[in-house]
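The report below describes one protein chain, moving from a single residue and its surroundings to the chain as a whole. Please keep the sequence and the structure at hand while reading.

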Amino acid sequence: MSPFTAELIGTMILVILGDGVVANVLLNKSKGQNSGWIVITAGWGLAVTVAVYSVISISGAHLNPAVTIGAAVIGK
């Protein structure tokens with residue numbers, strides 16, 4: 001798998017899990033309705049963790065173009 005594909009998959013995992021927890025808290029008739037900001041922050045934290053551990057061995061798991069550009073600017 002190429003590093004580009006790994007970053008794409010990692011970002012996809014991050015967005016799907018993160019947005020899923022927000023939808024769970026905000027949508028009516030869901031199990032987590034009105035559960036609050038702590039559930040959202042914990043869900044996003046777990047989403048970042050899962051995404052990073054999924055692709056770190058392949059691409060370094062930047063998952064953010066700003067990190068990649070910053071690393072390129074300083075020569076890494």
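## Glu 7 and its surroundings

Leaving aside neighbours within four places in sequence, Glu 7 is in contact with Ser 59, Gly 60, Ala 61, His 62 and Leu 63, where contact means heavy atoms within 4.5 Å. This is a predicted model, in which local features need pLDDT of at least 70 and side-chain atom pairs count only at pLDDT 80 or more, while totals for chains, interfaces and linings use all residues. Residues are numbered from 1 along each chain as its sequence is written, and side-chain values use heavy atoms, with hydrogens and water left out.

Glu 7 itself is placed in helix α1; helices here are DSSP runs of H or I with at least four residues, strands are runs of E with at least two, and both are numbered from the N terminus. Glu 7 counts as buried because its relative accessibility is 17%, given that buried means under 20% relative accessible area, exposed over 50%, and partly exposed in between, with a 1.4 Å probe and protein chains only. The side chain of Glu 7 reaches the backbone nitrogen of His 62 at 3.1 Å.

Ser 59 is found in helix α2 and is buried, since its relative accessible area is 16%. Apart from residues up to four places away in sequence, Ser 59 touches Pro 3, Ala 6 and Glu 7. A polar atom of the Ser 59 side chain lies 3.4 Å from the backbone nitrogen of Ala 61.

Ala 61 belongs to the loop between α2 and α3, and its relative accessibility of 10% is why Ala 61 counts as buried. The phi of Ala 61 is near 55°, a positive value in a residue other than glycine. As background, most residues other than glycine have a negative phi.

## The two ends of α3

At the start of helix α3, which covers residues 65-73, a side-chain oxygen of Asn 64 reaches to within 3.0 Å of the backbone nitrogen of Ala 66. After α3 comes Gly 75, with a positive phi near 90°.

## The loop between α1 and α2

Gln 33 lies in the loop between α1 and α2 and counts as partly exposed, because its relative accessibility is 33%. With residues up to four places away in sequence not counted, Gln 33 touches Asn 24, Val 25, Leu 27 and Asn 28. The side chains of Gln 33 and Asn 28 make a polar contact at 2.9 Å; a polar contact is a pair of N or O atoms within 3.5 Å, where within protein one must be able to donate a hydrogen and the other to accept it, and residues adjacent in sequence count only if both atoms are side-chain atoms. Between Gln 33 and Phe 4, which are 29 residues apart in sequence, the C-alpha to C-alpha distance is 36 Å.

Asn 34 is also placed in the loop between α1 and α2, and it counts as exposed because its relative accessibility is 68%. The phi of Asn 34 is near 60°, again a positive value in a residue other than glycine.

## A nonpolar patch on the surface

Met 1, Ile 9, Met 12, Ile 16, Leu 17, Val 50 and Ile 58 form a nonpolar patch on the surface, with about 630 Å² of accessible area together. The elements that give two or more residues to this patch are α1 (3-26) and α2 (37-59), and α1 supplies the largest share, 4 residues. Patches are made of residues with over 30% relative accessible area and no salt bridge, with like charges joined within 9 Å and nonpolar side chains (Val, Leu, Ile, Met, Phe, Trp, Tyr) within 5 Å; a salt bridge is a side-chain nitrogen of Lys or Arg within 4 Å of a carboxyl oxygen of Asp or Glu.

## The chain as a whole

The chain has 3 helices and 0 strands, and its elements run α-α-α from the N terminus on. Its radius of gyration is 15 Å, whereas a compact globule of 76 residues would have a value near 11 Å; the radius is taken over C-alpha atoms, and the globule rule is 2.2 Å times the number of residues to the power 0.38. Along the principal axes, the C-alpha atoms fill a box of roughly 50 × 25 × 15 Å.

Of the 76 residues in the chain, 21% are buried. Among contacts between residues at least 6 apart in sequence, 52% join residues at least 24 apart. The accessible surface of the chain comes to about 5300 Å², with 71% belonging to carbon and sulfur atoms; accessible areas come from the Shrake-Rupley method with a 1.4 Å probe, and for residues only the protein chains shown count as cover.
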